[in-house]
Amino acid sequence: MLGKLMKHDFRALSRTLFPLQIGILGGGLVATILSALSIRLSEASWAGANGSNLLKGLILAVSVTSAVLIGIAIMASLFVTLVLICYHFYRSFLGDEGYLTFTLPVSTSNLLWSKLLTGMFWVLINSVVVCIALLIYAVFGTTTSTLINIDVLQALRQFFTQILPEMSKYISIPVMAAEVIVVGIVGLAAQLLQVYFAIIVGGQVAKKHRVLAAIGMYLLINMGVGIVSAIFMSFVTLGESVSQFALNSAQEAGTFMSTIFGWYGVLFVGLSALFFLVSRAILKKNLNLQ
Amino acid sequence: MQSNNTQAILEVRALTKRYGPTLALSNVDLTLPKGKIIGLLGPNGSGKTTLLKIVAGLLTSTSGFVLVDGQPIGEGTKSLISYLPERTYLPDWMTVEDCLDYFVDFYADFDLQRAREMLSRLNVPANKRMKQLSKGTREKMQLVLVMSRRAKLYLLDEPIGGVDPATRDYILDTIIGNYDNEATILISTHLIADVEKVLDEFLFLKEGVITMHDTTDNVRETQGKSLDELFREVFRC
Amino acid sequence: MAWQFTSNRSIYSQIVDEIELRILNGTYEMGMRLPSVRDLALLAAVNPNTMQRALSELEEMGLVTTQRNTGRTVTTDEAAVSRARDAKADLLVETFLSQMKMLGLSRGEVLERLARGENKEGEHAIQ
């Protein structure tokens, strides 16, 4: 049943999120073109070429402003993606759609899992799309002399040929990469489950302004999570640095970082489990659909 | 999805539901047999919707318990129950085809063929989105989905409330035409005259309390009056 | 058109009467196959269970028979139909006479009125 739930959640989310990703790529392309144009125009004016400076200035201003705005919009799309995912959650769990959701012969766990996995999938897709849009911008939109910006490509190559090998002297790159991916994923899971939890609790405490209640709850929970994380991590940091590392070599510092990172993973898994279990308990024991 | 051989499809014991200080259901005891069409009758605000929502699993009770085919409310009972709420609950963006797909995926007892036949009789095109349908058509569409399941217990909340006489006839025809005599249908309504001919039994619900549970024919035979007349007497303001 | 029912008798017995009447007056011919319970219930706009119960009653009365292959049919037993017709007619006459008695009419007056009524019906037919 989880597969079927995910299929329908995916269908519901794709309806808005797929066009959004296309929009990001399109916007990225437009920003790249505008930026490339304006750079060339400004170069031309430096060279003192003929033509109206006012017109050039105008074109320049418009192009730069649009490019900057589109850039901001692309960065904001992560937020929009999150909002759309949460809105979908809100509608299926607290809205009229809840009459459909909660009369399905499926377990509460599967309902939550489906929302979590499809939400995470779209956040990841969005991240990849934003990276691609930024890369396109960096490569094609930041240079005057040639079509592509060689510097960006060289910086990328340098990262793989020099920086990574240098880093690998102190830490294991595959381990680090795996750690980044795993901790990133559980961190994302914890974040989404925290929002879902806030929406569920918001629906429990408020009858009317449920969205506001959910936002308030989120901020409140966030404070709690901040405090718990700070306490947890300071114990971990203290424990690790006192017991194992003298931190007197770069290699040890690297290992230390990796260990701390691992503990963050543990923290996120713990938070995820907590949010998941409490959400499920509320939905099972105290569902009161209006 | 094991079947239970007891004769009761629904057993409710000492069920109470409070909304803050308001008592919506008070110590309700109820046993409904299999294979009957039963009216849950009472004026607005008497607790009909609350009772149906608890059985459907959308509300948790304050105290007491409910068994559907011998099982407590949960995943298992939800596969046996086909529930029609008062409101339109299908997402706006879904097409008719999406809705059919949804029901096919989640309900093993959904009869797609039957649903398609009924929809074509209603002239609802498969590619229409819910938001493009009129409220009335949307309600009929929901009824078609709910009645196309071969469920053991149907819970229909005010299916004929606020519809014109032609639609009311369509709805009652759909209910009768899809009824299979193994199943029990619980219909809540305050429009007694319209449904009384299709009811085997009825329950009177007054301010959260079941005040009467009898067969429709028995009322006519022993009291010489229709259910509608009896209702008007019992619930006189 | 849904069947009409009065409120002071059970729906089930009114359905029995209605179908019986249709058989006696030939609307449902002898040996005719009856619609299914569901279709009859839809026609009458009543509960299928009630229709089922009414049909069982008609079977007991010998007006309807059930065959394994063909479903329910109207009986072909003419004796059964005429017995039912006699019983129904006797019942109606009895009711009629007792009501006339309540009105204070003598037997002779009742017969006279009946004859007049018959004549009127004849006149209507000629016109």
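Me: In what order do the elements of chain C run from the N terminus on?

Reply: This is a predicted model, in which local features need pLDDT of at least 70, side-chain atom pairs count only at pLDDT 80 or more, and totals for chains, interfaces and linings use all residues. Residues are numbered from 1 along each chain as its sequence is written, while chains are lettered from A and ligands numbered from 1 in the order in which they are written. Helices (H or I, at least four residues) and strands (E, at least two) are DSSP runs, numbered from the N terminus. Chain C has five helices and two strands, and the order is α-α-α-β-β-α-α.

Me: What is the radius of gyration of chain C?

Reply: The C-alpha trace of chain C spans about 55 × 30 × 30 Å along its principal axes. The radius of gyration is taken over C-alpha atoms, and the globule rule is 2.2 Å times the number of residues to the power 0.38. For a compact globule of 127 residues the value would be near 14 Å, whereas chain C has 18 Å.

Me: How far apart do the C-alpha centres of domain 1 and domain 2 of chain C lie?

Reply: Domain bounds come from an automatic or database domain assignment, which gives domain 1 (11-76) and domain 2 (79-119) in chain C. Eight residues of domain 1 of chain C are in contact (C-beta atoms, placed from the backbone, within 7 Å) with five residues of domain 2 of chain C. The separation of the two C-alpha centres is 27 Å.

Me: Why is one side of each edge strand in the sheet of chain B left without a neighbour?

Reply: Two strands pair if DSSP finds at least two bridges between them. The open sheet of chain B has four strands in the order 2-1-4-5, with antiparallel pairing. Strand 2 (22-33) and strand 5 (71-72) of chain B stand at the edges, so one side of each has no neighbour in the sheet because each has a single partner strand.

Me: Which residue is the bridge partner of B:Thr16 in strand 4 of chain B?

Reply: Strand 1 (residues 8-19) and strand 4 (residues 63-68) of chain B pair in the antiparallel sense over five bridges. In strand 4 of chain B, the partner of B:Thr16 is B:Ser63.

Me: Which helix supplies the largest share of the side of chain A that touches chain B?

Reply: The contact takes 18 residues from chain A and 19 residues from chain B. Helix 1 (2-46) and helix 3 (98-101) of chain A each supply at least two residues of the side of chain A that touches chain B. The largest share, three residues, comes from helix 1 of chain A.

Notes: Contact = placed C-beta atoms within 7 Å.
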